[in-house]
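Trainee: Let us go through some labels and ask what each one rests on.
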Amino acid sequence: MSLDVQRILPSSEATDLIGLVRDIAREELAPQVDAAEAASLFPAEAYALLGKSGLMSLPFEERWGGGEQPYEVYLQVIEEIAAVWPSVAVGTSVHALTATVLDKNGTDEQRGTWLPRMLGGEWLGAYCLSEAQAGSDVSGIRTKAVREGDEYVVTGTKQWISNGPHADYYVLFARTSDDGRSGLSSFLVPADSPGISHGAPEKKMGLHCDPTSTVTFDGTRVPVSQRISDEGRGMAVALSALDAGRLGIAAVATGIAHAALSLATSYAKERQQFGQRIGDFQGMQFLLADMAAAVGAARATYLHAARLKDAGQPFGSEASIAKLTATDAAMKVTTDAVQVLGGAGYTTDFAAERLFRDAKVTQIFEGTNQIQRMVIGRSLLK
(Lines give C-alpha, C1' and ligand atoms only; values in the text may rest on other atoms or scores of the structure.)
Protein backbone atom coordinates (compact mmCIF):
# COMPACT_ATOMS: atom_id res chain seq x y z
CA MET A 1 0.00 0.00 0.00
CA SER A 2 1.65 3.25 -1.12
CA LEU A 3 1.31 6.21 1.21
CA ASP A 4 3.49 8.64 -0.74
CA VAL A 5 1.98 12.08 -1.22
CA GLN A 6 3.33 14.53 -3.79
CA ARG A 7 4.30 17.55 -1.73
CA ILE A 8 5.66 21.01 -2.44
CA LEU A 9 7.83 21.84 0.57
CA PRO A 10 9.49 25.16 1.42
CA SER A 11 13.07 23.87 1.75
CA SER A 12 15.36 20.92 1.06
CA GLU A 13 15.57 20.44 4.83
CA ALA A 14 11.80 19.98 4.96
CA THR A 15 11.98 17.47 2.10
CA ASP A 16 14.61 15.47 3.97
CA LEU A 17 12.49 15.68 7.11
CA ILE A 18 9.44 14.19 5.37
CA GLY A 19 11.67 11.40 4.05
CA LEU A 20 12.87 10.67 7.58
CA VAL A 21 9.31 10.59 8.91
CA ARG A 22 8.22 8.15 6.19
CA ASP A 23 11.13 5.85 6.96
CA ILE A 24 10.38 5.87 10.69
CA ALA A 25 6.66 5.38 10.11
CA ARG A 26 7.10 2.43 7.76
CA GLU A 27 10.06 0.70 9.34
CA GLU A 28 9.51 1.36 13.05
CA LEU A 29 5.83 2.21 13.63
CA ALA A 30 3.91 0.21 11.03
CA PRO A 31 5.00 -3.25 12.28
CA GLN A 32 3.63 -2.45 15.76
CA VAL A 33 0.27 -0.89 14.95
CA ASP A 34 -2.14 -3.81 14.64
CA ALA A 35 -0.97 -5.69 17.73
CA ALA A 36 -0.66 -2.56 19.85
CA GLU A 37 -4.12 -1.26 18.91
CA ALA A 38 -5.69 -4.67 19.55
CA ALA A 39 -4.14 -4.73 23.03
CA SER A 40 -4.67 -0.99 23.76
CA LEU A 41 -0.97 -0.58 24.56
CA PHE A 42 0.47 2.84 25.31
CA PRO A 43 3.12 3.55 22.63
CA ALA A 44 5.82 4.90 24.95
CA GLU A 45 8.65 3.66 22.73
CA ALA A 46 7.11 5.34 19.68
CA TYR A 47 7.03 8.71 21.45
CA ALA A 48 10.60 8.21 22.67
CA LEU A 49 11.69 7.51 19.10
CA LEU A 50 9.89 10.58 17.75
CA GLY A 51 11.42 12.71 20.48
CA LYS A 52 14.93 11.35 19.86
CA SER A 53 14.47 12.05 16.14
CA GLY A 54 13.49 15.68 16.82
CA LEU A 55 9.91 15.22 15.64
CA MET A 56 8.20 16.38 18.85
CA SER A 57 9.66 19.88 18.62
CA LEU A 58 9.31 20.96 15.00
CA PRO A 59 7.27 24.22 15.10
CA PHE A 60 9.10 25.76 18.07
CA GLU A 61 12.09 28.10 18.25
CA GLU A 62 15.61 26.70 18.33
CA ARG A 63 16.48 28.66 21.49
CA TRP A 64 14.02 26.50 23.43
CA GLY A 65 15.16 23.27 21.78
CA GLY A 66 12.73 23.38 18.87
CA GLY A 67 13.21 22.56 15.21
CA GLU A 68 12.03 26.01 14.04
CA GLN A 69 10.11 24.53 11.11
CA PRO A 70 7.12 26.28 9.51
CA TYR A 71 3.76 25.08 10.74
CA GLU A 72 2.93 23.79 7.28
CA VAL A 73 5.91 21.41 7.53
CA TYR A 74 5.02 20.26 11.05
CA LEU A 75 1.45 19.47 9.97
CA GLN A 76 2.63 17.41 7.03
CA VAL A 77 4.79 15.42 9.43
CA ILE A 78 1.69 14.81 11.56
CA GLU A 79 -0.21 13.67 8.46
CA GLU A 80 2.55 11.20 7.55
CA ILE A 81 2.49 9.73 11.07
CA ALA A 82 -1.32 9.56 11.08
CA ALA A 83 -1.36 7.65 7.80
CA VAL A 84 0.45 4.84 9.62
CA TRP A 85 -0.56 5.18 13.29
CA PRO A 86 -3.36 7.67 14.06
CA SER A 87 -3.15 7.19 17.83
CA VAL A 88 0.46 8.32 17.91
CA ALA A 89 -0.29 11.27 15.64
CA VAL A 90 -3.09 12.40 17.97
CA GLY A 91 -0.85 12.06 21.02
CA THR A 92 1.88 14.04 19.29
CA SER A 93 -0.59 16.77 18.30
CA VAL A 94 -1.93 17.02 21.86
CA HIS A 95 1.62 17.27 23.19
CA ALA A 96 2.34 20.12 20.77
CA LEU A 97 -0.86 21.83 21.92
CA THR A 98 0.37 21.85 25.53
CA ALA A 99 3.78 23.21 24.51
CA THR A 100 2.09 25.90 22.40
CA VAL A 101 0.19 27.16 25.44
CA LEU A 102 3.44 27.76 27.30
CA ASP A 103 5.29 29.05 24.25
CA LYS A 104 2.63 31.65 23.44
CA ASN A 105 1.74 32.73 26.97
CA GLY A 106 4.57 31.91 29.35
CA THR A 107 7.42 34.09 30.55
CA ASP A 108 10.94 33.62 29.22
CA GLU A 109 11.86 32.10 32.57
CA GLN A 110 9.02 29.57 32.31
CA ARG A 111 9.87 28.76 28.69
CA GLY A 112 13.54 28.31 29.51
CA THR A 113 12.70 26.02 32.44
CA TRP A 114 10.03 23.83 30.90
CA LEU A 115 10.14 23.91 27.10
CA PRO A 116 13.47 22.07 26.63
CA ARG A 117 12.04 19.08 28.50
CA MET A 118 8.80 19.23 26.54
CA LEU A 119 10.48 19.52 23.18
CA GLY A 120 13.36 17.12 23.72
CA GLY A 121 11.19 14.06 24.15
CA GLU A 122 11.77 13.77 27.89
CA TRP A 123 8.22 14.75 28.74
CA LEU A 124 4.84 14.00 27.21
CA GLY A 125 2.05 16.46 27.95
CA ALA A 126 -1.72 16.39 28.46
CA TYR A 127 -4.22 19.21 28.01
CA CYS A 128 -6.61 19.40 30.97
CA LEU A 129 -9.51 21.53 29.79
CA SER A 130 -12.66 19.38 29.46
CA GLU A 131 -14.86 18.29 32.35
CA ALA A 132 -18.02 16.21 32.58
CA GLN A 133 -20.20 19.33 32.36
CA ALA A 134 -17.72 21.48 30.42
CA GLY A 135 -17.03 20.25 26.92
CA SER A 136 -17.90 22.73 24.19
CA ASP A 137 -18.90 25.21 26.93
CA VAL A 138 -15.55 25.88 28.59
CA SER A 139 -17.16 28.47 30.88
CA GLY A 140 -18.76 25.52 32.71
CA ILE A 141 -15.43 24.47 34.27
CA ARG A 142 -15.76 23.75 38.00
CA THR A 143 -12.23 22.69 38.94
CA LYS A 144 -11.03 25.34 41.40
CA ALA A 145 -7.62 26.82 42.10
CA VAL A 146 -7.68 28.73 45.40
CA ARG A 147 -4.68 30.89 46.16
CA GLU A 148 -2.96 30.43 49.49
CA GLY A 149 0.13 32.60 49.69
CA ASP A 150 2.62 31.61 46.99
CA GLU A 151 0.60 28.55 45.95
CA TYR A 152 -2.75 27.58 44.49
CA VAL A 153 -4.67 24.63 45.88
CA VAL A 154 -6.37 22.80 43.03
CA THR A 155 -9.44 20.60 43.46
CA GLY A 156 -11.53 19.04 40.71
CA THR A 157 -11.73 16.39 38.02
CA LYS A 158 -10.95 16.67 34.32
CA GLN A 159 -12.41 14.26 31.74
CA TRP A 160 -11.45 12.90 28.31
CA ILE A 161 -7.79 13.75 28.83
CA SER A 162 -5.59 12.32 26.06
CA ASN A 163 -2.30 10.91 27.40
CA GLY A 164 -3.92 11.33 30.83
CA PRO A 165 -2.54 8.30 32.73
CA HIS A 166 0.88 8.54 31.06
CA ALA A 167 1.56 12.27 30.86
CA ASP A 168 4.58 13.80 32.56
CA TYR A 169 2.84 17.15 33.00
CA TYR A 170 -0.56 18.75 32.61
CA VAL A 171 -1.54 22.12 31.20
CA LEU A 172 -4.46 22.72 33.51
CA PHE A 173 -7.34 25.17 33.30
CA ALA A 174 -9.07 25.90 36.60
CA ARG A 175 -11.42 28.45 38.08
CA THR A 176 -9.80 31.19 40.17
CA SER A 177 -13.01 33.22 40.50
CA ASP A 178 -16.74 32.74 39.94
CA ASP A 179 -16.80 34.93 36.83
CA GLY A 180 -17.96 32.63 34.02
CA ARG A 181 -15.54 33.66 31.27
CA SER A 182 -12.96 35.76 33.11
CA GLY A 183 -12.59 33.49 36.10
CA LEU A 184 -10.32 30.86 34.55
CA SER A 185 -6.56 30.61 34.87
CA SER A 186 -3.97 28.29 33.37
CA PHE A 187 -1.24 26.30 35.13
CA LEU A 188 1.59 23.93 34.35
CA VAL A 189 1.45 20.98 36.76
CA PRO A 190 4.03 18.17 36.79
CA ALA A 191 2.33 14.77 36.93
CA ASP A 192 4.24 13.73 40.05
CA SER A 193 2.69 16.55 42.09
CA PRO A 194 0.93 15.20 45.23
CA GLY A 195 -2.82 14.82 45.03
CA ILE A 196 -3.11 13.77 41.37
CA SER A 197 -4.85 10.54 40.42
CA HIS A 198 -6.33 9.01 37.26
CA GLY A 199 -9.41 7.03 36.41
CA ALA A 200 -9.29 3.87 34.29
CA PRO A 201 -8.77 4.57 30.58
CA GLU A 202 -12.03 4.99 28.68
CA LYS A 203 -13.14 2.03 26.56
CA LYS A 204 -13.37 3.76 23.21
CA MET A 205 -14.49 2.96 19.69
CA GLY A 206 -11.07 3.76 18.23
CA LEU A 207 -7.65 5.25 18.92
CA HIS A 208 -7.02 2.46 21.40
CA CYS A 209 -3.36 3.45 21.83
CA ASP A 210 -4.29 7.03 22.70
CA PRO A 211 -5.50 6.52 26.28
CA THR A 212 -8.00 9.02 27.63
CA SER A 213 -9.00 9.14 31.28
CA THR A 214 -10.19 11.38 34.06
CA VAL A 215 -7.49 13.27 35.94
CA THR A 216 -8.38 14.27 39.50
CA PHE A 217 -6.67 17.00 41.50
CA ASP A 218 -7.31 16.59 45.23
CA GLY A 219 -5.77 19.53 47.05
CA THR A 220 -2.84 19.62 44.62
CA ARG A 221 -0.53 22.53 45.43
CA VAL A 222 0.77 24.48 42.44
CA PRO A 223 3.29 27.32 42.90
CA VAL A 224 2.20 30.72 41.61
CA SER A 225 5.34 30.62 39.44
CA GLN A 226 3.69 27.82 37.44
CA ARG A 227 0.64 29.88 36.53
CA ILE A 228 0.73 30.58 32.80
CA SER A 229 -0.08 34.25 32.09
CA ASP A 230 -2.13 36.45 34.42
CA GLU A 231 -4.84 35.22 36.72
CA GLY A 232 -8.19 35.30 34.93
CA ARG A 233 -6.74 34.95 31.42
CA GLY A 234 -7.32 31.19 31.18
CA MET A 235 -9.96 31.49 28.49
CA ALA A 236 -7.69 33.60 26.29
CA VAL A 237 -4.79 31.21 26.94
CA ALA A 238 -6.91 28.22 25.92
CA LEU A 239 -8.10 29.90 22.75
CA SER A 240 -4.57 31.01 21.84
CA ALA A 241 -3.59 27.40 21.26
CA LEU A 242 -6.82 25.78 20.12
CA ASP A 243 -6.69 27.12 16.56
CA ALA A 244 -3.25 25.55 16.11
CA GLY A 245 -4.50 22.38 17.80
CA ARG A 246 -7.42 22.16 15.40
CA LEU A 247 -4.97 22.21 12.51
CA GLY A 248 -3.16 19.29 14.13
CA ILE A 249 -6.37 17.29 14.17
CA ALA A 250 -7.09 18.30 10.56
CA ALA A 251 -3.70 16.87 9.59
CA VAL A 252 -4.41 13.68 11.56
CA ALA A 253 -7.76 13.29 9.81
CA THR A 254 -6.16 13.85 6.42
CA GLY A 255 -3.60 11.14 7.16
CA ILE A 256 -6.35 8.71 8.16
CA ALA A 257 -8.30 9.50 5.00
CA HIS A 258 -5.25 9.11 2.78
CA ALA A 259 -4.42 5.74 4.33
CA ALA A 260 -7.99 4.57 3.69
CA LEU A 261 -7.84 5.79 0.09
CA SER A 262 -4.52 4.00 -0.48
CA LEU A 263 -5.88 0.77 0.95
CA ALA A 264 -9.08 0.95 -1.10
CA THR A 265 -7.17 1.73 -4.29
CA SER A 266 -4.76 -1.17 -3.78
CA TYR A 267 -7.66 -3.53 -3.11
CA ALA A 268 -9.57 -2.34 -6.19
CA LYS A 269 -6.53 -3.14 -8.33
CA GLU A 270 -6.33 -6.72 -7.07
CA ARG A 271 -9.87 -7.89 -6.31
CA GLN A 272 -11.45 -9.76 -9.24
CA GLN A 273 -15.18 -10.04 -9.87
CA PHE A 274 -17.06 -10.91 -13.08
CA GLY A 275 -13.74 -11.65 -14.75
CA GLN A 276 -12.09 -8.29 -14.17
CA ARG A 277 -10.63 -6.06 -11.48
CA ILE A 278 -13.31 -4.26 -9.50
CA GLY A 279 -11.37 -1.05 -10.12
CA ASP A 280 -12.18 -1.39 -13.83
CA PHE A 281 -15.88 -0.77 -13.17
CA GLN A 282 -16.86 2.84 -13.71
CA GLY A 283 -18.94 2.90 -10.53
CA MET A 284 -15.88 1.93 -8.50
CA GLN A 285 -13.69 4.48 -10.29
CA PHE A 286 -16.16 7.24 -9.50
CA LEU A 287 -16.23 6.19 -5.84
CA LEU A 288 -12.43 6.23 -5.63
CA ALA A 289 -12.31 9.57 -7.45
CA ASP A 290 -14.67 11.15 -4.91
CA MET A 291 -12.50 9.76 -2.10
CA ALA A 292 -9.37 11.24 -3.69
CA ALA A 293 -11.08 14.62 -4.12
CA ALA A 294 -12.07 14.63 -0.44
CA VAL A 295 -8.51 13.86 0.65
CA GLY A 296 -7.11 16.57 -1.61
CA ALA A 297 -9.58 19.14 -0.32
CA ALA A 298 -8.74 18.24 3.29
CA ARG A 299 -5.03 18.67 2.69
CA ALA A 300 -5.50 21.94 0.84
CA THR A 301 -7.56 23.51 3.63
CA TYR A 302 -5.13 22.70 6.42
CA LEU A 303 -2.14 23.83 4.36
CA HIS A 304 -3.86 27.13 3.52
CA ALA A 305 -4.57 27.82 7.19
CA ALA A 306 -1.03 26.81 8.18
CA ARG A 307 0.49 29.15 5.61
CA LEU A 308 -1.61 32.02 6.96
CA LYS A 309 -0.34 31.18 10.45
CA ASP A 310 3.26 31.06 9.24
CA ALA A 311 2.77 34.48 7.60
CA GLY A 312 1.52 35.96 10.87
CA GLN A 313 -1.98 36.51 9.55
CA PRO A 314 -5.28 35.65 11.30
CA PHE A 315 -6.20 32.02 10.66
CA GLY A 316 -8.88 31.13 13.21
CA SER A 317 -11.76 30.78 10.76
CA GLU A 318 -9.54 28.94 8.28
CA ALA A 319 -8.47 26.55 11.06
CA SER A 320 -12.12 25.76 11.74
CA ILE A 321 -12.74 25.27 8.01
CA ALA A 322 -9.78 22.89 7.85
CA LYS A 323 -10.85 20.95 10.92
CA LEU A 324 -14.43 20.66 9.63
CA THR A 325 -13.44 19.74 6.07
CA ALA A 326 -10.70 17.25 6.96
CA THR A 327 -12.56 15.38 9.68
CA ASP A 328 -15.77 15.08 7.66
CA ALA A 329 -13.61 13.86 4.78
CA ALA A 330 -11.97 11.27 7.02
CA MET A 331 -15.35 9.89 8.06
CA LYS A 332 -16.61 9.75 4.48
CA VAL A 333 -13.46 8.27 2.98
CA THR A 334 -13.06 5.59 5.64
CA THR A 335 -16.72 4.64 5.30
CA ASP A 336 -16.28 4.30 1.54
CA ALA A 337 -13.06 2.32 2.00
CA VAL A 338 -14.95 -0.27 4.03
CA GLN A 339 -17.50 -0.41 1.20
CA VAL A 340 -14.81 -0.91 -1.46
CA LEU A 341 -13.42 -3.86 0.48
CA GLY A 342 -16.92 -5.27 0.98
CA GLY A 343 -17.12 -8.06 3.52
CA ALA A 344 -13.36 -7.99 3.95
CA GLY A 345 -13.59 -4.35 5.00
CA TYR A 346 -15.78 -5.33 7.93
CA THR A 347 -13.14 -7.65 9.34
CA THR A 348 -9.98 -6.94 11.30
CA ASP A 349 -7.94 -8.63 8.58
CA PHE A 350 -7.65 -5.21 6.92
CA ALA A 351 -7.01 -1.77 8.40
CA ALA A 352 -10.17 -0.27 6.88
CA GLU A 353 -12.36 -0.94 9.89
CA ARG A 354 -9.75 0.44 12.30
CA LEU A 355 -9.33 3.60 10.24
CA PHE A 356 -13.13 3.96 10.18
CA ARG A 357 -13.24 3.74 13.98
CA ASP A 358 -10.30 6.08 14.43
CA ALA A 359 -11.81 8.69 12.12
CA LYS A 360 -15.05 9.22 14.03
CA VAL A 361 -13.64 11.00 17.06
CA THR A 362 -11.86 13.56 14.90
CA GLN A 363 -15.29 15.10 14.29
CA ILE A 364 -15.72 15.46 18.06
CA PHE A 365 -12.56 16.50 19.88
CA GLU A 366 -10.72 19.84 19.66
CA GLY A 367 -14.15 21.39 19.19
CA THR A 368 -17.02 19.45 17.64
CA ASN A 369 -17.77 20.10 13.99
CA GLN A 370 -20.97 21.82 15.07
CA ILE A 371 -18.82 24.28 17.05
CA GLN A 372 -16.60 24.75 13.98
CA ARG A 373 -19.65 25.72 11.95
CA MET A 374 -20.58 28.27 14.62
CA VAL A 375 -17.06 29.74 14.54
CA ILE A 376 -17.09 29.97 10.76
CA GLY A 377 -20.58 31.47 10.62
CA ARG A 378 -19.80 34.10 13.25
CA SER A 379 -16.59 35.01 11.43
CA LEU A 380 -18.51 35.56 8.19
CA LEU A 381 -21.02 37.84 9.89
CA LYS A 382 -18.55 40.03 11.77
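Mentor: Start with a definition: buried means under 20% relative accessible area, exposed over 50%, and partly exposed in between, with a 1.4 Å probe and protein chains only. Helices are DSSP runs of H or I with at least four residues, numbered from the N terminus. The model is predicted: local features need pLDDT of at least 70, side-chain atom pairs count only at pLDDT 80 or more, and totals for chains, interfaces and linings use all residues. Side-chain values use heavy atoms, leaving out hydrogens and water, and residues are numbered from 1 along each chain as its sequence is written.

Trainee: What makes α3 mostly covered?

Mentor: Twelve of its twelve residues are buried, among them Tyr71, Leu75 and Ile78. The cover includes α1 (12-39), α4 (86-105) and α7 (282-310).

Trainee: Why is the pair of Phe42 and Tyr47 called tilted?

Mentor: Rings of Phe, Tyr and Trp (its six-membered ring) pair if their centres lie within 6.5 Å; planes under 30 degrees apart count as stacked, over 60 as edge-to-face and the rest as tilted. Here the centres are 5.7 Å apart and the planes at 40°, so the pair is tilted. Tyr47 has a relative accessible area of 5%, so Tyr47 is buried; Phe42, with 22%, is partly exposed.

Trainee: Why is the pair of Phe274 and Phe281 edge-to-face?

Mentor: The centres of Phe274 and Phe281 are 6.4 Å apart and the planes stand at 85°, so the pair is edge-to-face. Phe274 counts as exposed at 78% relative accessibility, and Phe281 as partly exposed at 30%.

Terms used
Helices (H or I, at least four residues) and strands (E, at least two) are DSSP runs, numbered from the N terminus. Contact means heavy atoms within 4.5 Å.
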